[in-house]
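Please look through the sequence and the model before reading my points.

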Amino acid sequence: MGLPIALQLYTVREPLSEDLDTGLAQVASMGYRYVELAGLYGHSSQQFKDLLDKHGLTAISAHEPLHCLLNDVSDVIARAKLFGYDYVICPYLDEPEREDYGKLVQGLEKVADTLAGSGLTLCYHNHDFEWGTDSSGRRGVDVLFGSDKLQSELDLYWVAKAGDEPLQWMKKLAGRLPLLHVKDMDDTPEKGFAEVGTGVLDFDTLIGAAESC
């Protein structure tokens, strides 16, 4: 597969919180060369970048909380420029932030314009709650991905957890899908996480489709 594979560092947040240097060394020893950032674990941006360089790791993107995107976008841009990645992702919405998706998207579109002025792309990472409706009765997923200024970091697991079809959404977002989050879903009633290839998602088809999206 020609697509680069990166580890979302939130996945290994516990060992990184205990000892960032050792944790990143372990990530590199597993064969990863790319990572997606999600916090700095009490380090400065420069300290974190130096540790990535030490272990031969490159950040390709970063999750930035909504409040940082809306209120500290200059800091978001500075971090991106230091680490050298092009993709900034809004990773999650607290419940009050889901009450009016239209208003939320207006704010994110302004952020997207600002980021674009610095050569950066804003993406949205979904969970399953976006398949619910806001106070106006609109589904969050339709409003968020209805904006042509927002790219997608589609999470295949959460699409399936919401009861929808990941492949259909990949096709719908083709051309606006620079990043995917890949994890499998088990076949229990809880539909929990599973390692890729051990659950119910058809990754042969999904990964094949990713190369053309």
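The numbered points below go through the sheet and then the salt bridges.

1. The model is predicted, and the comments should be read with that in mind. Its open sheet has seven strands, in the order β1-β2-β3-β4-β5-β6-β7, and the pairing is parallel. At the edges stand β1 (6–8) and β7 (179–181); each has a single partner strand, so one side of each lacks a neighbour in the sheet. From one strand to the next, the twist averages 30°.

2. Within this sheet, β4 (residues 87–90) pairs with β5 (residues 121–125) in the parallel sense, over four bridges. Here I89 stands opposite C123 in β5.

3. Side chains of opposite charge can pair when their charged atoms come close. The count of salt bridges is six. One of them joins E64 to R79, with the closest N and O atoms 2.8 Å apart. E64 lies in the loop between β3 (58–63) and α4 (66–71), and R79 in helix α5 (residues 73–83), so the pair ties together parts 15 residues apart in sequence. Both E64 and R79 are buried.

4. A salt bridge also links K183 and D155, at 2.5 Å from N to O. K183 is in the loop between β7 and β8 (184–185), while D155 belongs to strand β6 (residues 151–155), so this pair ties together parts 28 residues apart in sequence. K183 and D155 are both buried.

5. Are D142 and R139 buried or partly exposed? Their side chains meet in a salt bridge of 2.8 Å, N to O. D142 has 38% relative accessibility and so counts as partly exposed. R139, at 28%, also counts as partly exposed.

How values were computed: Residues are numbered from 1 along each chain as its sequence is written. This is a predicted model: local features need pLDDT of at least 70, side-chain atom pairs count only at pLDDT 80 or more; totals for chains, interfaces and linings use all residues. Side-chain values use heavy atoms; hydrogens and water are left out. Two strands pair if DSSP finds at least two bridges between them. Helices (H or I, at least four residues) and strands (E, at least two) are DSSP runs, numbered from the N terminus. Axes are lines fitted to C-alpha atoms, for helices over the stretch in contact, and angles run from 0 to 180 degrees between N-to-C directions. A salt bridge is a side-chain nitrogen of Lys or Arg within 4 Å of a carboxyl oxygen of Asp or Glu. Buried means under 20% relative accessible area, exposed over 50%, partly exposed in between (1.4 Å probe, protein chains only).
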